[in-house]
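Reader: Hi, I have a model open and I'd like to go through it with you. Could you take me through it slowly?

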Amino acid sequence: MTVAENPTTVAPGTVPLRRNRRFQTLWAGSAAAMLGTCVADTAYPLLLLAMTGSPTLAGAFGAVQFGASVLFGLHGGAVADRHDRRRVLIVADTVRLLTALSVAVALLAHRLTVPHTLLAAAAIGATMAYGGPARMLALRAVVPPEQLRQALSQDELRVNGAALAGPPLAGLLLGLGRAVPFLATVLASAAALGASIAVRFDNDSGSGATDEAADGGKEKGAVFAGLRYLLTDPTLRATVLVTVALNLAGSAMLLAVMVLLRDHGTSEAGTGLALTGEAVGGLLGAPLVTRLHRTLAPGVLLLAVAWSAALLFLVPALAGGPVVVFAALAAMSLGVPALRVMLDVLVFQQVPEAMRGRAVAATMTLLMAGLPVGTMTAGLLLDHLPATTVLPLLAALLAAGLLPLTLGRSLRGTSWPKA
């Protein structure tokens, strides 16, 4: 029986997920960390803009943060395979806490500088690179395989809930004082650190990585082993490439709709509300994960979501406005939680344990690298073309990339792995 045929089957004697203390504690800590990150991602650029009046310096925070994540991403996976993942997560959470605390103290002392803020961006990006794979693998270690989809679906609520609540919460806290959102980030990081310390998950004992994993992280070229594994297997390669293309095109589309809304005279507040459609769609899509996985084969699901995104790119170009943009983004994001869970089940579950951290890190690095590339590409296009032209062009480029993978057999022939 494949998982898709009955994905909710639970083995006799298995503790229900809601009573799994280790998972729920780890999930709560991860939710706090994600909310703190989303608050910081909004608060730092706004703070830099208030301090300097320079949009370039405000944008530099995100560029430095993503740059550090990409730079250290593959090494973060190798570290997760060679060392005790729980300890890696504890160190990452500690660094993030100390970083936020240093900024808050500097603000309270009126000593915060731009270099300090950009160093904080680099530190946050590095913690994402090293803590991200460890956190993803920790979740797998505290739930039985038959509950993995349910656990990952709950994790999608964390991601999208934080994305929805973070930006307005950051604005509200900034209104109370410049240091307030960073003090809130300190508290969120402390909650995440407490959960990481409380939950033991490596090999169900917290004793560290397996000998196989530890040895696997030391061979020559080990940092790139996960990336090579993904790109060598035809099915995994096609799955990752479609996901990266969708991420790249999606980030480009977001900038295009921002320009489109500005050209339509939409206020900044209206634009912000319209862009929350992405998080709302993700929240609404999280409960659909099991149903979509039961109904569609993984390759069909991936291609269906990607092709629907290409078509939805056209909607704002044909009928611009904040309501239309909100609806298009929400519709586009409905299938994203199912895709993220699919990526975990179809890709990460199939990678040998000895290189699973590196495979996770390679995928995360490719996805993160797509964000600045997509935004930069859209920016170059928007310098010469109106947004109503750029959006159909992005749709056409995405469709051109999807066509050979749709006609091939690598994706259409995939099936869910057996439980």
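Reader: Which helix gives the most to the lining of the largest cavity?
Author: Helix H1 gives the most, with four residues, where a helix is a DSSP run of H or I of at least four residues, numbered from the N terminus. A cavity here is a set of points, on a 1 Å grid over the protein atoms alone, where a 1.4 Å probe fits but cannot get out, and lining residues have an atom within 4 Å of a point. This is a predicted model, in which local features need pLDDT of at least 70 and side-chain atom pairs count only at pLDDT 80 or more, while totals for chains, interfaces and linings use all residues. Residues are numbered from 1 along each chain as its sequence is written, and side-chain values use heavy atoms, with hydrogens and water left out.

Reader: OK, and which residues line the largest cavity?
Author: The lining is made by Gly-36, Thr-37, Ala-40, Tyr-44, Arg-96, Ala-100, Ile-124 and Thr-185. The elements that give two or more residues to this lining are helix H1 (21-52) and H3.

Reader: What volume does the largest cavity have?
Author: Its volume is about 40 Å³, taken as the space filled by probe spheres set on the grid points, which are joined across faces, edges and corners. The structure holds one cavity of 30 Å³ or more.

Reader: Switching topic, how many salt bridges are there in the whole structure?
Author: A search of the whole structure finds eight, a salt bridge being a side-chain nitrogen of Lys or Arg within 4 Å of a carboxyl oxygen of Asp or Glu. Among them, Asp-81 is bridged to Arg-358, with the closest N and O atoms 2.7 Å apart. Asp-81 lies in helix H2 (residues 55-82) and Arg-358 in helix H17 (residues 356-382), so the pair ties together parts that are 277 residues apart in sequence.

Reader: Are Asp-81 and Arg-358 buried or exposed?
Author: Both Asp-81 and Arg-358 are buried, meaning under 20% relative accessible area, whereas exposed means over 50% and partly exposed lies in between (1.4 Å probe, protein chains only).

Reader: And which residues are linked with them in a network?
Author: The network of salt bridges links Asp-81, Arg-85 and Arg-358. The side chains of Arg-85 and Asp-81 meet at 3.1 Å, N to O, and Arg-85 is buried, as is Asp-81.

Reader: What about the salt bridge of Arg-262?
Author: Its side chain meets that of Asp-263 at 3.3 Å, N to O, and Arg-262 is exposed, with a relative accessible area of 58%.

Technical notes:
1 Å grid on protein atoms, 1.4 Å probe; cavity = no way out; pocket = protein on both sides within 12 Å on 5 of 7 lines; lining within 4 Å.
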